[in-house]
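Trainee: Before we look at anything in detail, could you take me through the reading of a model feature by feature, with the general idea ahead of each case?

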Amino acid sequence: MIEFRKVSKKYDGPNGVQALSDLTLTIRDGEFVFIIGDSGAGKSTLIKLLMGEEKPSEGSVLVDGVNVGKMTSWQLPRYRRHFGVIFQDFRLLQDYTVYDNVAFAQRVAGATRRGMAKRIPKLLAHVGLEDKQKSFPSQLSGGEQQRVALARAVVNGPQYLLADEPTGNLDPANSAEVMRLLEDFNRSGTTVIVVTHDVAMVNQLRKRVVTLKDGQVFTDISEGGYQHA
Ligand code: ADP
């Protein structure tokens, strides 16, 4: 469970802005949540606090009861393994094949070669890339690259899948395919958080939608269509 409790974040410096102010938000295990809001609303800051890249000025971010803002720099890498992350710009290793992009993530987590040889082809088939294992990212379409990124994000079985504008560089058909896969991983138990501007996608999927405005939760509409308190 993810809990933002009365979180405020003011960035340091002469132009220090109040990016989040007194924000309270709970995301339960197994949920699928969209986080939307205009540019500057605080979405990236929320994600940075969740990943421990920034610390709250006030309040606390608790993940399974552990205060992320209080973690030391040697605790954070292990904590971050609970998260699979994908980005708008895919961030694949360009000199690595599709297979090796996914294998790299597994190797970092200590997987054996044999374990990987079993798991990775299965996962790549699941995201529709069984024929592309030996291709390099530059030889793939945007949709295919995002599916490699998705395979890499989930290969270690993360508890949370975080997608930051995952469809920002994709056409509608590829966007729909990526969202279908996110739903799929959510159904198998992963909590999915999607930060996006893609209103069409948000309307289509009928999931919980949290709208941020001026660093606060402006609306929070549940999957069933009712407003959270
Ligand atoms: P969003 O992701 O919704 O566009 P951000 O969290 O990036 O919003 O930004 C919220 C506010 O905080 C904005 O006013 C932005 O300019 C400011 N901000 C974000 N990052 C920094 C930073 N590193 N230093 C100073 N101000 C920042």
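Mentor: Let us begin with helix packing, where axes are lines fitted to C-alpha atoms, for helices over the stretch in contact, and angles run from 0 to 180 degrees between N-to-C directions. Helices (H or I, at least four residues) and strands (E, at least two) are DSSP runs, numbered from the N terminus. This is a predicted model, in which local features need pLDDT of at least 70 and side-chain atom pairs count only at pLDDT 80 or more, while totals for chains, interfaces and linings use all residues. Residues are numbered from 1 along each chain as its sequence is written, and side-chain values use heavy atoms, with hydrogens and water left out.

Trainee: At what angle do the axes of helix 5 and helix 6 cross?

Mentor: Two packed helices are described by the angle between their axes and the distance between the axes. Here the axes of helix 5 and helix 6 come within 9 Å and cross at roughly 15°. That makes helix 5 roughly parallel to helix 6, given that angles under 35 degrees count as roughly parallel, over 145 as roughly antiparallel, 65 to 115 as roughly perpendicular and the rest as oblique. On the helix 5 side the contact (heavy atoms within 4.5 Å) is made by Gly 143, Gln 146, Arg 147, Leu 150 and Val 154, and on the helix 6 side by Asn 174, Glu 177, Val 178, Leu 181, Leu 182 and Phe 185. The crossing of helix 5 and helix 6 is right-handed, a crossing being left-handed if the near helix is turned anticlockwise from the far one by less than a right angle, and right-handed if clockwise.

Trainee: Which helices do the buried residues of helix 3 pack against?

Mentor: Those buried residues pack against helix 4 and helix 5, where buried means under 20% relative accessible area, exposed over 50%, and partly exposed in between (1.4 Å probe, protein chains only). The buried residues of helix 3 are Val 98, Asn 101, Val 102, Ala 103, Ala 105 and Gln 106. An α-helix has 3.6 residues a turn, so residues three or four places apart point the same way.

Trainee: How are the two neighbours of helix 3 oriented to it, roughly parallel or oblique?

Mentor: The axes of helix 3 (residues 98–108) and helix 4 (residues 113–126) come within 10 Å and cross at roughly 125°. That makes helix 3 oblique to helix 4. Among the residues that meet in this pair are Val 98, Tyr 99 and Val 102 of helix 3, and Met 116, Ile 120 and Leu 124 of helix 4. With helix 5 (residues 142–154), the axis of helix 3 comes within 8 Å at a crossing of roughly 25°. That makes helix 3 roughly parallel to helix 5, and here Val 98, Asn 101, Val 102 and Ala 105 meet Val 148, Ala 151 and Arg 152. Helix 3 makes a right-handed crossing with helix 4 and also with helix 5.

Trainee: How many aromatic pairs does the structure hold?

Mentor: A pair of aromatic rings is described by the distance of the centres and the angle of the planes. Rings of Phe, Tyr and Trp (its six-membered ring) pair if their centres lie within 6.5 Å, and planes under 30 degrees apart count as stacked, over 60 as edge-to-face and the rest as tilted. The structure holds 4 such pairs. The ring centres of Tyr 96 and Phe 104 are 5.7 Å apart with their planes at 80°, so this pair is edge-to-face. Tyr 96 is partly exposed at 32% relative accessibility, and Phe 104 is partly exposed at 35%. Elsewhere, Tyr 79, Phe 83 and Tyr 160 form one aromatic cluster.
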